[in-house]
Amino acid sequence: MSEFSRIIGHRQTPLPGLLRPPDAEARDWVARMAPAQTRAPKGVFRYASQQEANADWERWQADAITAGPKP
């Protein structure tokens, strides 16, 4: 056994709530959020300035809001 393989102290169980399976409410939330889309075009975009990038992002957001939810 290596000198680095020693165990110091006792094993501690994780505190409740830190590692646990999701409850029904969390699973429902994930199911509701799964079909949500950003509606931003995918890809790599190169901009000359941050202002141009922000303008595109704001336009995509406005288009998504005015289009409403997808059925």
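Predicted model: local features only at pLDDT ≥ 70, side-chain atom pairs only at ≥ 80, totals over all residues.
Q: Why is arginine 59 called partly exposed?
A: Its relative accessible area is 42%. Buried means under 20%, exposed over 50%, and partly exposed in between (1.4 Å probe, protein chains only). The value 42% falls in between, so the label is partly exposed.

Q: What makes the contact of arginine 59 and aspartate 56 a salt bridge?
A: Their side chains meet at 2.7 Å, N to O. The definition asks for a side-chain nitrogen of Lys or Arg within 4 Å of a carboxyl oxygen of Asp or Glu. The pair qualifies. The structure holds one salt bridge.

Q: Where do the two partners lie?
A: Both are in helix 2, three residues apart, about one turn of the helix. Helices are DSSP runs (H or I, at least four residues), strands are E runs of at least two, and numbering starts from the N terminus. An α-helix has 3.6 residues a turn, so residues three or four places apart point the same way.

Q: Is aspartate 56 buried or exposed?
A: Buried: its relative accessible area is 17%, under the cut-off.

Q: How do you know that the length of helix 2 agrees with expectation?
A: The expected span is 1.5 Å times one less than the number of residues. For the 18 residues of helix 2 that gives 26 Å, and the end C-alpha atoms are 26 Å apart, which agrees.

Q: Which residues of helix 2 are buried, and on what side?
A: Ala53, Asp56, Trp60 and Ala64 are the buried ones. They cover an arc of only 70° around the axis, which puts them on the same side of helix 2. The arc is that of the directions from the helix axis to the C-beta atoms. On the other side, Gln51, Glu58, Ile65 and Thr66 are exposed.

Q: How many aromatic pairs are there, and what makes phenylalanine 45 and tyrosine 47 one of them?
A: The structure holds three. The ring centres of phenylalanine 45 and tyrosine 47 are 6.4 Å apart and the planes stand at 25°, so the pair is stacked. Rings of Phe, Tyr and Trp (its six-membered ring) pair if their centres lie within 6.5 Å; planes under 30 degrees apart count as stacked, over 60 as edge-to-face and the rest as tilted.

Q: Which residues form the aromatic cluster?
A: Phe45, Tyr47, Trp57 and Trp60 form one cluster.

Notes
Residues numbered from 1 in each chain as written. Heavy atoms only, no water.
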